[in-house]
Amino acid sequence: MALSLDPRRRMVRRQIAGRGVGDLRVLAAMEKVPREAFLPDALREFAYEDTPLPIEEGQTMSQPYIVARMADAAHIGPGDKVLEIGAGSGYAAAVLSELAERVFTIERHPALADLARARLEQLGYRNVDVRTGDGTLGWPEQAPFDAIIATAGGPRVPDSLRGQLSVGGRLVMPVGPTRSAQMLIRLTRTGPETWHQEGIEDVRFVPLIGEEGWTEDEARDRPARPTPLGLPQLVRAGEQALPDLGDPEFGGLFDRYGDRKVVLLGEASHGTSEFYRARAAITRRLIERHGFSFVAVEADWPEAAGIDRYVRHLPTRSGTPIALHRFPTWLWRNTDVAAFADWLRRHNATLPAERRAAFFGLDIYSPSDSIAAVLAYLDKVDPAAAKVARERYGCLTPWQHDPTVYGRAVLSERYRECEAEMVANLQDLLGKRLQYAARDGEQFFDAAQNARLVASAARYYRALYYGNAESWNLRDRHMFDTLTRLFEHRGSAAKGVVWAHNSHIGDARFTDMGRVRGELNLGELVRRRFADDAALIGFGTHSGTVAAASDWDGPMEVKEVRPSRVDSVERQFHDAGVPQAVLYLDTPGELRRRLRAPRLERFIGVIYRPESELQSHYAEVELPGQFDAFVWFDRTTAVTPLPTSQRTDAPGTWPFGL
Ligand code: SAM
């Protein structure tokens, strides 16, 4: 993702344009003024955070978005004369001076006024006058003004300010009858004695203290600093606390999705125990109470087939390798997956074969295991066809064991021919569908799925070499096609659960993936196909530990997860203060509206690089579009991998080699 913008440009793109301020002059002014130059030294590093900041005299510099929003609402033209009430640091005055011809600004604290004047002068702003005084009375000598902006909240619009607006002039100010909340309003003077007032949005500002504002006494019992956006409080009011993971009622909070055809459960990392355990608890509930009959996970088809045979009490298949020992081993070879597989096996034990819940893999990484599975199948059912298929698959031999490192080979003509041979094998197999399936439909389906995987993988690895969005799209399309085929194979009434990373199951159209990189994903394709019959549930965390590698094929490490960034989705949940909770995002209202503003979200895969976390792991999302619900664990722990040294194919120790 492109995060190389300088912080000020990023602030403008994310916090301001991203929240709907579209006036190009305002965006340009915000991009020009150095906010850090108006801050005390110790706070400069936070200049482009999405927050108000404390300045001298116990006052605040407004959040950048609010400065832009007010300037935007005041419709300031290049020839305008503007009055600001509450110079504070002088920052907003500098932004206004980029937009207007002249700016007059009043500050009641003399020390602040002096500082603001000095900073503006030093930065070369010659069209701003600063004075100390009570701004509720305006600046009559300079009236009328084309625009007036008050950056402190009063009980009403001061009459003096109304009177100093030119006809057609706009006044923008926070107004509220109580001191705990205000509405940002715009008052337009429509004639000598007429004004028109509109509400813009809920805000919280420091008090406007003066003759036509609050008295000092009235102002004293309100906090000296504005509280932030208040989003964490809204999250807290909206979310449902979740009981312990072991509590049978945990899954009950997801009963509302029981009538969906497909429920997609995400994860914010590939190595977090709570995400696995929560998905297991929800899935158990969906299987036990709501008739879901399969789980499809982000593992390869043949890998998952080993677990499937275990949970459905099917015989071990000799000669089919169980691939859970490949990097990243901890992904599926961990104690949480083993516990879930044991539960599913127990659950299935009392059921007739056709009602047993199954476990499938959707992914595309291991053509070599799939090739072996197809050949083993054909050896059994059609040795002549096996011979042809073996020759064709031989074409992939140089690459099949580690396709990610075969480099320029994919560019060769030979490789392209290979792709055609993979497809020919699949077509041959499908051409004999009736003949083969008559022997054992389930085994035929398995072999055909493996042949499809090999054909898709050949294309996937070529696209991967070019490193464009197409490889990602091929992989997610393959996952979606596999899921669709599972529904076809298991009958029209079948209901399934999917376990995959948030990046696969959150609708890509509401993230940088879809918006910036042209990528689609499983969640998007599922939503397009199943609409309200699908539920997309994301997961997140603030801090803790995670199992991950530092490089591809590197050893698993237990790494500390850095606390989430202040401008992230996760930080809103952390600040809400509930240790584990679910927030349903499909209910309309203020919270959903506020969460729609783009924020960063953290994505940790099998590799975690805390040292370059922003560039490597954060992307911008619009949470309520991405997911139908978000499951929160404030602190999380790394998964516990199963030992890898033991044989994975020994009878009696299957499917995990334990
Ligand atoms: N625009 C400022 C900036 O960019 O830093 C932020 C202003 S701060 C949110 C509000 C300011 O209004 C405070 O500095 C406060 O002292 C000032 N203020 C409050 N009542 C005032 C009044 N009656 N006249 C002038 N200034 C006032």
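**Before you click**

This is a predicted model, so local features here need pLDDT of at least 70, side-chain atom pairs count only at pLDDT 80 or more, and totals for chains, interfaces and linings use all residues. Residues are numbered from 1 along each chain as its sequence is written, and side-chain values use heavy atoms, with hydrogens and water left out.

**Stop 1: the whole chain**

Show the cartoon: the chain has 24 helices and 20 strands (DSSP runs numbered from the N terminus, H or I of at least four residues for helices, E of at least two for strands). Of its 658 residues, 60% count as buried; buried means under 20% relative accessible area, exposed over 50%, and partly exposed in between, with a 1.4 Å probe and protein chains only. Switch to a surface and you are looking at about 26200 Å² of accessible area, 50% of it from carbon and sulfur atoms (Shrake-Rupley method, 1.4 Å probe; for residues, only the protein chains shown count as cover).

**Stop 2: the ligand**

Select the ligand and its surroundings. Its shell has 27 residues, and the closest are Thr 60, Ser 89, Glu 107, Gly 135 and Ile 209; a residue belongs if one of its heavy atoms lies within 4 Å. Strand E2 (60–61), strand E3 (81–85), helix H4 (91–99) and strand E4 (102–107) each supply at least two shell residues.

On its own the ligand has 600 Å² of accessible area, and the protein covers 99% of that.

**Stop 3: the nonpolar cores**

Now select Phe 250, Phe 254, Trp 499, Ile 537 and Phe 539, which have the most contacts inside the largest nonpolar core, a set of 51 residues. Such a core is made of buried Ala, Val, Leu, Ile, Met, Phe, Trp, Tyr and Cys residues joined through side-chain atoms within 4.5 Å. Helix H9 (residues 273–290) gives this core its largest share, 8 residues. A second, separate core has 49 residues, including Met 61, Tyr 65, Val 67 and Leu 99.

**Stop 4: Ser 503**

Go to helix H18 (residues 502–505), where you will find Ser 503. Is Ser 503 buried or exposed? Ser 503 is buried, because its relative accessible area is 13%. Neighbours within four places in sequence aside, Ser 503 is in contact (heavy atoms within 4.5 Å) with Trp 472, Met 513, Asn 521 and Phe 603.

**Stop 5: helix H21**

Select residues 569–576, helix H21: 6 of its 8 residues are buried, so it is largely enclosed by the rest of the structure. Those buried ones are Val 569, Glu 570, Arg 571, Gln 572, Phe 573 and Ala 576. Step on to Gly 577, which follows H21 and has a positive phi, near 85°.

**Last stop: Leu 115**

Finish in helix H5 (residues 110–122) with Leu 115, which is partly exposed at a relative accessible area of 31%. Draw a C-alpha to C-alpha distance to Glu 56: Leu 115 and Glu 56 are 59 residues apart in sequence and 9.3 Å apart in space.
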